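Q: I'd like to learn how to read the sheets and helix packing in a model like this one. Could you walk me through it?

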Amino acid sequence: MTQHVDVLICGSGSAGLCAAAWLARCGLRCKVLESQPGPLKIGKADGVQCRTVEVFESFGIAEEMLREAYHVLEVNFWGSNAEGNLVWTGRTADTAPGLSHQPHLILNQARVNGLLLEVMERFNEQRVDYGYEVKKVQVDSGEAANPEAYPVTVVTVKEGVEEIFKAKYALACDGAHSAVRRSLGYKMVGDSSDVVWGVMDVFPRTNFPDIRKKATLQSNSGSLLIIPREGGSMVRFYIELPSGTAAKDVQLSDLHSTASRIFHPYQIEIAETFWWSAYAIGQRQADFFSKDNRVFLTGDACHTHSPKAGQGMNTSLQDGYNIGWKLAQVLKGQSPPALLETYVQERQQVASDLINFDRAFVKAFSSKAAKEDGSTEFKEHFIKAGQYTAGLTAKYGDSKITNAKDSMQSLATNLIVGMRFPSAQVVRFCDAKAMQLVKALPSDGRWRIVIFAGDINEPSSATRLEELGAYLYSSGGPVKSHTPASADIDSFIEPIVVLSGKRINTVQEQIPDCFWPITGKWKMRDLHKVYFDDESYNSGHGKAYEFYGIEPSKGTVAIVRPDHYISMVTMIENHESIGDFFKGFALQAS
């Protein structure tokens, strides 16, 4: 029996579940196949970078994560003195102030995946089908050009019975030993070293003072990274093992004894080991990330590296976050399939940058580097890498959905085209609630036109906003051009207004009607689209315009993608360029 599905996701790791969550959020069904008999119980990954927390916030599930996780606030550095004893050498904030409104967290990957499973269930009763082993994947290249075709054939086996799926699109989210990648004949290109590290989650009895802080130890006996785990007792150690060690020969006792030597003169006794492993350092990337714009590789299926910088689960999840909304937009007829080409363009560069970063990070963290350069150099390297490890440096190049070339970056110096939209506190006009601006941009598949209109008590600013609104909602403007007449007017493109000046000096009637449209089941006015950069009753002033580098008298417009990356920054008066941008990738509504 052959089943037909729009999207087949092979593997239920971070990338696959994030893509499935996007599709569910957009009201679309997919098929998620997992070779294991059930959900992940013990995850190897645990670091949740700031950007990943922002993603979970956009899905409405950050509160559970923030409540359950260990919050990484400080990093301490330790090195060896002249006598060979471990000594404290300095500390730094884990994430520099202002990088993100969300913290760096530690939470087991099984729980992270569990939160995404809850999103899938909540929004579209989407579940994972377990026990399916992928045996073969083929793409009919002749059929791939037909958007209505199901050119991808996936042969699977469950409980000894062969099942065949025909899909419009398939995602390889099945890990470093990807069956999909092998079936397509793609290879991992890169190198590995003879350096072996061990990792273990333990319950330590110790007099070491920083056992509940993230810490780097670079002693004469090797290097060790401490990652405190959620719950208050468990700690993860990444341990550099002696030169000449083979990963397959490592025993748990080797990890215990090496850790003991590195901690000297502090005592450490392992009360219990919850989980452990050993691995050789390697950095590899797939030679191709897609096949005929129908099968896409994600996560460990297309990039592998060391786990110490905490990028594996996070980068994989971001792969799924990138492809998920694009698949939804194509399947809903909002954009042509060519939109999916931007996945490879954007995420292949991210993978290359990750490989290069990991190679340099591993080298700097080694005991050999500590002896040659000293722990001070590593501390400086670690601090400089903070923005990268927080997940905030990805910058997508120009494409049909990112237009830096025609942008006016000087109008908003901290809204960088191609990078994620940072958040600042604003005050919602309708109810005086202080909140982060990104709360107005949930991950629901909509594009946002964020209008920083200045103080509309100034006649020139009020006129600019009125004229922009008239254009956006005109018959030839982007909102009506790309939104079906039967749908809510804000269902594809949602304008958001951020005003400056005193909120209490403005009344609702000063806001053009189009920015509080009639929508929803009950056809009510939506008053939740207007915000002020002003003092709140209990949270002070967010100074959003200052944070974004916007001059209130000039204002600006920022076009923001469904995944919160900035597509364009332009003048409020530059109406036609806004319309032309959407014409470049969005289909005319029927």
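A: Gladly! Let's begin with an open sheet of seven strands, ordered β21-β20-β26-β23-β22-β27-β28 with mixed pairing. Strands are DSSP runs of E with at least two residues, helices are runs of H or I with at least four, and both are numbered from the N terminus. Two strands pair if DSSP finds at least two bridges between them. β21 (434-436) and β28 (566-570) each have a single partner strand, so one side of each lacks a neighbour in the sheet.
A word on the source: this is a predicted model, in which local features need pLDDT of at least 70 and side-chain atom pairs count only at pLDDT 80 or more, while totals for chains, interfaces and linings use all residues. Residues are numbered from 1 along each chain as its sequence is written, and side-chain values use heavy atoms, leaving out hydrogens and water.

Q: How many bridges join β23 to β26?

A: Four bridges link β23 (residues 493-500) with β26 (residues 530-533), and the two run parallel. In this pair, Ser500 stands opposite Asp533 of β26.

Q: Which strands does α13 lie across?

A: Helix α13 lies across β22 (447-454), β23 and β27 (556-560), running at about 160° to β22. Contact here means heavy atoms within 4.5 Å. Helix α16 also packs on the sheet, touching β22, β23, β27 and β28, and its direction makes about 160° with that of β28. Such angles run from 0 to 180 degrees between N-to-C directions, with axes fitted to C-alpha atoms, for helices over the stretch in contact.

Q: How are two packed helices described?

A: By the angle between their axes and the distance between the axes. In this model, the axes of α13 (residues 459-472) and α16 (residues 575-583) come within 10 Å and cross at roughly 30°. That makes α13 roughly parallel to α16 (angles under 35 degrees count as roughly parallel, over 145 as roughly antiparallel, 65 to 115 as roughly perpendicular and the rest as oblique).

Q: Which residues of α13 and α16 meet?

A: Glu467, Leu468, Tyr471 and Leu472 in α13 meet His575, Glu576, Ile578 and Gly579 in α16.

Q: What is the order of the eight-strand sheet?

A: This open sheet runs β6-β5-β13-β14-β15-β12-β16-β19, again with mixed pairing. Its edge strands, β6 (86-93) and β19 (303-304), each pair on one side only. Seven bridges join β5 (residues 74-80) to β6, and these strands run antiparallel. Here Gly79 stands opposite Val87 in β6.
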